[in-house]
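Hello,

Here is the structure we spoke about, for you to look through. My notes follow below it.

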Amino acid sequence: MSQVHVRNLQKSYQVPVRETGLKALRGVIRRQHSTVEAIRDISFDIEPGEVVGFIGPNGAGKTTTLKILSGLLHPTAGEVRVAGEIPWERRGDYLRQISMVMGNKSQVMWDIPSLDSYAVLGEIYRIPSSELQRRIDELAAMLGVTDLIAKPVRMLSLGERMKCELVASLLHQPAVLFLDEPTLGLDVSVQRRLREFIREYNRRTGATIILTSHYMADVEALCSRLIVIHEGKLIYDGALAGLLEKLAPFKLIRLTLDGDHADGALDLPPQAELIERENGTITLRASRADTSAVTARLLGALPVVDLAVENPPIEAVIDQIYTGGTV
Amino acid sequence: MNVRAGWMLVRRTWSSWMQSRSFFFLLAFGWLIGPLIYLFVWATAAGQGAVDGWTRGEFVAYYLVLINVNQITYSQTYWTVGMMIQMGSFSRLLLYPMAPVFDAIASEIAGKVVYMTFVIPVTAVLALILRPTLSTTVGNVALFVIALGMAWALRFFLGYAQALLSFWFTRTDALLAAQEALVFVLAGQIAPTALLPAPLDRLALLLPFRYMLGFPVELLMGRLSGAEILTGFALQGGWLLVALSLYRLTWRRGVRHYTAVGG
């Protein structure tokens, strides 16, 4: 049985409409409402142990979906089961199996050391104290925060705080972990460290992880599967590589030529298209199928010093989806 | 919810608040100014004689006890709960396998410990200077303790239920401020309720506010007859039931509403 089961999920909100200026007075007498459809019709299943990236532009419905899955929101229609339970019933048995990390909301208290917050969580989740200590030691060591958890949280940097936050979220060993923008605002090396940790945690515990992020590097590094939503609709569900192939059915070939030929005339194969030529480096575009033939030909015909075949930048592909709204 | 978790919550909140204790001491100082002013007004009015059977020393005793009772029953968390709901940080509490009210109760207890470390010494010094007249019995002390616990619960749950209205409305602090104003007039702060002019005195006896503050003080001072004690406890118990029902109602409906519209 799948760990997360979502069928025909819908969520709409009634929001008050306010006019500007004096016209706003009308609203005092009679409130106008409009309906916002945050999620229109989403279905998917996630198997235990999967790490799934949940992406979409701002306002696509990602956080709304995560809130429904974690039990913070009732859907308007549809069926949801997470770990076999209906999330919004918020039963203790359910809440003990999940955890949600929100990049912008903290559960470790500001003025006191994280360790004190962990002690409270240990009691809330009824973790025996020796076991709690073992888990704190293990998670803190994995994240490299053993020395930091005894310091008041307000003395820590944003990245350090996020690591302490992750320890807090994982103490009760949730079977399902929701990560909403966990790397928000963090520097590149902390982001990388967190990614490594999440991957390692998934490998060790087999937890199911659903991650939203605007950093494609997070998704690229962690998620074998990607769910893309746009304006409340699911527009792609599958492997990241598949999405790239579908959206960007070409590769970029970058070559540097011998100094003497750097600015000379080019005899390019007909399947290759010149994109850019700058400081002796040439960027070509060729369809995936033609890439090997084109490279072979280039290597034979030109004095190539360096050659690299790359996928188009993932950000460009994602931007294409967000702007176009389809895959 | 287990007792150990509750205790840990209290300890955590307490140690967090002790980090900024001077802020809380200043708050507590602000709260004792009101009753202190009325202490001096009534003590001066009584002078060497009495006002309606109250001597100067009795007014001093009444207000010094009232300052402590007010501090114990005053519920600061309901202001913060409303804010947490509006800011969305209440979601964090909904994710724990624990009813969020325990978090508020833990803050209450932690807060009391912080405030009382300030208020008890201050009133003790005032007692040395102002020489209150207080003769009480073991029985009255026992009744006082029971009524004090109920007064805290009544003030807390009524306030908490109002704070939960934030699930529907953006600003509920005006309602809380109205409650505090009524407490000021009808609970025994501006004057002991027995000294209020008619019909305010009768109103004060029927409404819940006296049972949040003045009633336990009057019990301790032994100013109530057996019949008054019985009706007092009946009304206090009745209002406590009302407050608990309102809390349950606003909690159940509120959380359903919150999860329908999003935090």
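**Notes on the model**

Chain A has 11 helices and 13 strands; helices (H or I, at least four residues) and strands (E, at least two) are DSSP runs, numbered from the N terminus. This is a predicted model, in which local features need pLDDT of at least 70 and side-chain atom pairs count only at pLDDT 80 or more, while totals for chains, interfaces and linings use all residues. Residues are numbered from 1 along each chain as its sequence is written, and chains are lettered from A and ligands numbered from 1 in the order in which they are written.

The C-alpha trace of chain A spans about 70 × 60 × 45 Å along its principal axes.

One open sheet in chain A has 4 strands in the order β11-β12-β10-β13, with antiparallel pairing; two strands pair if DSSP finds at least two bridges between them. β11 (273-278) and β13 (304-310) of chain A are at the edges with a single partner strand each, so one side of each has no neighbour in the sheet. Strand β10 (residues 250-257) of chain A runs antiparallel to β13(A) and is joined to it by 6 bridges. Within β13(A), Ala308(A) stands opposite Arg254(A).

The contact between the chains takes 24 residues from chain A and 23 residues from chain B; two residues are in contact if their C-beta atoms, placed from the backbone, lie within 7 Å. On the side of chain B that touches chain A, α1 (3-18), α5 (90-94) and α11 (226-261) of chain B are the elements that give two or more residues. α1(B) gives the most to that side, with 7 residues.

Regards
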